[in-house]
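This report covers side-chain pairings in one protein model.

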Amino acid sequence: PSATVQGHLDQQRKNIRSTKPRARPKATTPFQFPGTDESPLETQPDNPEERCNQVFLTAMPITGQIYSDQPGQFLCSSTSGMSYLMIAHCYDSNAIIAEPMPSKTGKSLLAAYKNIHAKLTSRGFKPQYQRLDNEISTIFQAFLKQANIDYQLTPAGSHRRNAAERAIRTWKNHFIAGLCTVDPDFPLNLWDYLIPQATLSLNLLRASRINPKLSAYTQIFGNFDFNRTPLAPPGTRVVAHKKPNQRTSWAPHGEPG
């Protein structure tokens, strides 16, 4: 396969698959079916497969619950000095978010939690109730009080009280599976660079709790455009394309990377 790529790799054309949002359809008047000029009196079409303009609303309670905990130390420190992870589970969106940390000191835990708190708050999921393990620093407690977040500590040795324990297991299983797909020459000390894709692909597979028709990722971050950001297995060896003016006449079309 790599030899085939070396001989056939060319620069891709632009604008083949547009990443711009599609234009919205023309708005219709009340009780008017799309594609018709008249406004029928019946609000329900004869054919059950046709769409009507009836709208049904339901109220979904937003609890604002969030659970967080830290798994054990990773196998090695990353090039950026990260050795631990903070795993947070947002109950309403059902999303699992991972944030790397250099250590498990109070300052490191607080910095990682602030990043998670900022992501959720900026997208309408501000934490209101925090459940975490029984290890909490004074500065962590001060931040929770300052952010007006109620918190509860789980008893020592009771893992069922903290939903983050299950989230840690789910995220670690997904991340380990991704690590097993990397190239044999992939440097393990770059493991923290794989976190964003692992979090993305995992939450795309999880349904939102307040809207089961949306994924957990879509509920928080919006639709993911595969045309704009194609995905490949993490840690895959690539062949970088070399333009014709950067290579000789019979040279390979790419350089392994």
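Is phenylalanine 140 buried or exposed? Phenylalanine 140 is buried, with a relative accessible area of 3%. Buried means under 20% relative accessible area, exposed over 50%, and partly exposed in between, using a 1.4 Å probe and protein chains only.

## Basis

This is a predicted model, in which local features need pLDDT of at least 70 and side-chain atom pairs count only at pLDDT 80 or more, while totals for chains, interfaces and linings use all residues. Residues are numbered from 1 along each chain as its sequence is written, and side-chain values use heavy atoms, with hydrogens and water left out.

## Aromatic pairs

The whole structure holds eight aromatic pairs. Rings of Phe, Tyr and Trp (its six-membered ring) pair if their centres lie within 6.5 Å; planes under 30 degrees apart are stacked, over 60 edge-to-face, and the rest tilted. Tyrosine 113 and phenylalanine 140 make a tilted pair, at 5.0 Å centre to centre and 50° between the planes. This pair links distant parts of the chain: tyrosine 113 lies in helix H2 and phenylalanine 140 in helix H3 (residues 138-146), 27 residues apart. Helices (H or I, at least four residues) and strands (E, at least two) are DSSP runs, numbered from the N terminus. Tyrosine 113 is buried, at 1% relative accessibility.

Phenylalanine 224 and phenylalanine 226 form another pair. Their ring centres are 4.8 Å apart and their planes stand at 85°, so the pair is edge-to-face. Phenylalanine 224 is buried at 16% relative accessible area, whereas phenylalanine 226 is partly exposed at 47%. Elsewhere, ring pairs join Phe74, Trp171, Phe175 and Trp191 into a cluster.

## Salt bridges

Side chains of opposite charge can pair when their charged atoms come close. The model has three salt bridges. The criterion is a side-chain nitrogen of Lys or Arg within 4 Å of a carboxyl oxygen of Asp or Glu. Glutamate 99 and lysine 119 form one of them, at 3.4 Å from N to O. Glutamate 99 sits in strand E3 (residues 95-101) and lysine 119 in helix H2 (residues 106-122), 20 residues apart. Glutamate 99 is buried at 11% relative accessibility; lysine 119 is partly exposed at 31%.

Asp183, Asp185 and Arg237 are linked in a salt-bridge network. Arginine 237 meets aspartate 183 at 3.2 Å, N to O. Arginine 237 is in the loop between helix H6 (216-221) and strand E6 (239-241), while aspartate 183 is in the loop between helix H4 (164-179) and helix H5 (195-204), 54 residues apart. Arginine 237 also bridges to aspartate 185, with the closest N and O atoms 3.1 Å apart. Aspartate 185 lies in the loop between H4 and H5, 52 residues from arginine 237. Arginine 237 is partly exposed at 44% relative accessibility, and aspartate 185 is exposed at 59%.

## Charge over a ring

The charged end of arginine 209 sits over the ring of tyrosine 91, 4.1 Å from the ring centre. The test requires NZ of Lys or CZ of Arg within 6 Å of the ring centre and within 35 degrees of the ring normal.

## Glutamine 219

Glutamine 219 belongs to helix H6. This residue is buried, with a relative accessible area of 18%. Its neighbours in contact (heavy atoms within 4.5 Å) include Ser93, Phe125 and Ile210, not counting residues up to four places away in sequence.
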